[in-house]
There are 2 protein chains.
Amino acid sequence: MDNKDIDVVVTEVGLRDGLQSLETFFPTEGKIDWMRAEFAAGMREIEVTSLVPPKLVPQFVDAQQVVEAAHQVEGLTIVALAPNMKGAERAFELGVHKVNYVLSVSRTHNLKNVRREREESVADFARIVEAARARENRPWLVGGLSSALGCSYEGAVPLEDVVRWGVALAEAGADEIMIADTVGHADPTLVRRTFKAVQEAVGPVPVSAHFHDTRGLGLANVVAALETGVRRFEASLGGLGGCQFAPGATGNIVMEDLCFLLESMGLRTGVDIERLVHVREIIARHLPATPLYGGVARAGLPRQYVPAAARGIVQHASNLSTAA
Amino acid sequence: MDNKDIDVVVTEVGLRDGLQSLETFFPTEGKIDWMRAEFAAGMREIEVTSLVPPKLVPQFVDAQQVVEAAHQVEGLTIVALAPNMKGAERAFELGVHKVNYVLSVSRTHNLKNVRREREESVADFARIVEAARARENRPWLVGGLSSALGCSYEGAVPLEDVVRWGVALAEAGADEIMIADTVGHADPTLVRRTFKAVQEAVGPVPVSAHFHDTRGLGLANVVAALETGVRRFEASLGGLGGCQFAPGATGNIVMEDLCFLLESMGLRTGVDIERLVHVREIIARHLPATPLYGGVARAGLPRQYVPAAARGIVQHASNLSTAA
């Protein structure tokens, strides 16, 4: 999951987070086209599905087919969401490379989302880790902290709770802790404070970020997270992904704009932004009524744009030190 | 122009930068309504017009009426753009409080924009300063550096040129240097590097920022500029303002989202965001076909939102020190 030619790992989550709230079923062939086209544009990690009961979320009834197709794409890190042990077991059987597990720092949200106490969520995750460790070629296990930067039910979330549940997942055996701003409450000051505190508390376990752009602060929050040392970000093409709590709100941060931000800062993502922008056409074909967002798609790349990897001076490492 | 209850000064430029490329004449009464409504929402600085020949830009044929109406709004800092001595003299006669003068760091852009060499622009500015100093109650004079972070004609702009022309304007007597990303080329790394270099070169003269959100990086650039100590930003309501060089490109950064960013970070702007969002209705009424942008207007304020001024702990100063 690490690559010496890449400074920041970006993970496409549109196929999961972008589609999960849609009423429309996105055809399996469309999902596979999308995944392949993004891989061809340089995307190396894609969250391809969610391993939830199809009765609950019919959008992911084709999880097995999609993961099998993903296995045909050599070099792709296949990511899937697993809300519980049952989902994780399916992920193991399907040979998923990276499993995202989620606990809501907000108790109310955890009860509504997975119908259990946070302590039970941690215990379940510990069992998942144990089951994974018993296998050969075990997947990378991500312990996600959702509603970590604000909750639609509880409002502000205490920092000590974020740290506490981050440490609980790390101690249970997470390979990575992901902090998620589930409904776009974060600001750069809160991001700096929260990521620093969690990084200090979980020691060597890498901390990644999942931001939403609900109120336009998504990329500003990325800049703040970069300063704390975060080098893994989730995003979705065209910002696909609504939010059931905030009508009219956009979803994830826009992948094309995220890549443009990073590459402009001299941080290599491995992604060819022009090719990436063209992948939006696949989404638009299947979801003609769904708005897609993004500045790069609207305005094109600027004349002076040079991908980070093509620059003469290797500036990607030193660029950030001034702000750290 | 300073206020102890405000940490960051935001200046509305929609009435000038937002309207200047529009074919449609925005009615004078509408401009006055807009200005008054924004003042009522807490906006204390508004660039109300551009003092250019009406033949060149018919949008500003009503400059005198608009400035006179602005003088009826007690407490408002009236800002106007003056492209040359003639415009500056009109600004002085009209009693404008703050005059924005612009030099393009890119030679090509300066030649196209004001039809003269950069040296001539500096000499003209020096004469404006002299004329201003000869008056009682002279206005605050801003030396703007446009195309300072990239140019549609020349591509990347050398840092030494930005510093050189910034110093030239400061030595000519500018009260403030404004660095403008005229067509949205900047990224946070470039912003940090450029603002730091100019700040060091111009000494005590404050450096302010004017960003465009062409490719989604506007607020990310604000975060970078804040880190270098910038405390004055221009923006426009709803991101109004197209760009003749990039069809489909948005204009300035969105004022509502900028205020939300700053207030969320604990930095007081003096602006009531909910009231500010309602002012968009005035623009929409007069420009029904013009798209307005912005996350806060789309999603509303989050449940946990507390304006910076209403917080128990005074955190606005300390918040930024961690990143500086």
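Colleague: What is the handedness of the crossing where α4(A) passes α6(A)?

Modeller: In this predicted model, the axes of helix α4 (residues 85-94) and helix α6 (residues 118-133) of chain A come within 10 Å and cross at roughly 20°. Angles under 35 degrees count as roughly parallel, and α4(A) and α6(A) are therefore roughly parallel to each other. As for the handedness you asked about, the crossing is right-handed.

Colleague: Which residues of α6(A) make the contact with α4(A)?

Modeller: Happy to list them. By class, this contact has six nonpolar, no polar and two charged residues. From α4(A) come Met85(A), Ala88(A) and Phe92(A). Their partners in α6(A) are Asp124(A), Arg127(A), Ile128(A), Ala131(A) and Ala132(A).

Colleague: Turning to chain B, at what angle do helix α4 and helix α6 of chain B pack?

Modeller: In α4(B), Met85(B), Ala88(B) and Phe92(B) meet Asp124(B), Arg127(B), Ile128(B), Ala131(B) and Ala132(B) of α6(B). The crossing of these two helices is right-handed, and their axes are 10 Å apart. The helices α4(B) and α6(B) are roughly parallel to each other, with a packing angle of about 20°.

Colleague: How many of the residues of helix α10 of chain A are buried?

Modeller: Buried means under 20% relative accessible area. Helix α10 (residues 255-264) is largely enclosed by the rest of the structure, because the buried count is ten of the ten.

Colleague: Which residue just after α10(A) takes a positive phi?

Modeller: The phi in question is about 90°. The residue that takes it just after α10(A) is Gly266(A).

Colleague: Is Arg115(A), which has a positive phi although it is not a glycine, buried or exposed?

Modeller: The phi of Arg115(A) is about 55°. Arg115(A) has its place in the loop between α5 (107-114) and α6 of chain A. Exposed means over 50% relative accessible area, and the value for Arg115(A) is 64%, so this residue is exposed.

Colleague: And what is the relative accessible area of Asn137(B)?

Modeller: Asn137(B) is found in the loop between α6 and β5 (140-146) of chain B. Its phi is near 50°, a positive value in a residue other than glycine. Asn137(B) is exposed, with a relative accessible area of 77%.

Colleague: What is the relative accessibility of Phe211(A)?

Modeller: Phe211(A) lies in the loop between β7 (207-210) and α9 (218-227) of chain A. Leaving aside neighbours within four places in sequence, Phe211(A) is in contact with residues including Leu149(A), Val191(A), Phe195(A), Val222(A), Phe233(A) and Ile253(A). Phe211(A) counts as buried, at a relative accessibility of 0%.

Colleague: How far apart are the C-alpha atoms of Phe211(A) and Gly295(A)?

Modeller: Along the chain, these two are 84 residues apart.

Colleague: Which three residues of chain A supply 20% of the area that chain A buries against chain B?

Modeller: The contact takes 48 residues from chain A and 48 residues from chain B. About 3700 Å² is buried between the chains, with carbon and sulfur atoms giving 54%. The three residues supplying 20% of chain A's share, more than any other three, are Arg215(A), Arg298(A) and Gln304(A).

Methods. Residues are numbered from 1 along each chain as its sequence is written. Chains are lettered from A and ligands numbered from 1 in the order in which they are written. This is a predicted model: local features need pLDDT of at least 70, side-chain atom pairs count only at pLDDT 80 or more; totals for chains, interfaces and linings use all residues. Side-chain values use heavy atoms; hydrogens and water are left out. Axes are lines fitted to C-alpha atoms, for helices over the stretch in contact, and angles run from 0 to 180 degrees between N-to-C directions. Helices (H or I, at least four residues) and strands (E, at least two) are DSSP runs, numbered from the N terminus. Angles under 35 degrees count as roughly parallel, over 145 as roughly antiparallel, 65 to 115 as roughly perpendicular and the rest as oblique. A crossing is left-handed if the near helix is turned anticlockwise from the far one by less than a right angle, and right-handed if clockwise. Contact means heavy atoms within 4.5 Å. Ala, Val, Leu, Ile, Met, Phe, Trp, Tyr, Cys and Pro count as nonpolar, Asp, Glu, Lys and Arg as charged, and the others, Gly among them, as polar. Buried means under 20% relative accessible area, exposed over 50%, partly exposed in between (1.4 Å probe, protein chains only). Buried area is the accessible area (1.4 Å probe) that two parts lose on being put together, summed over both.
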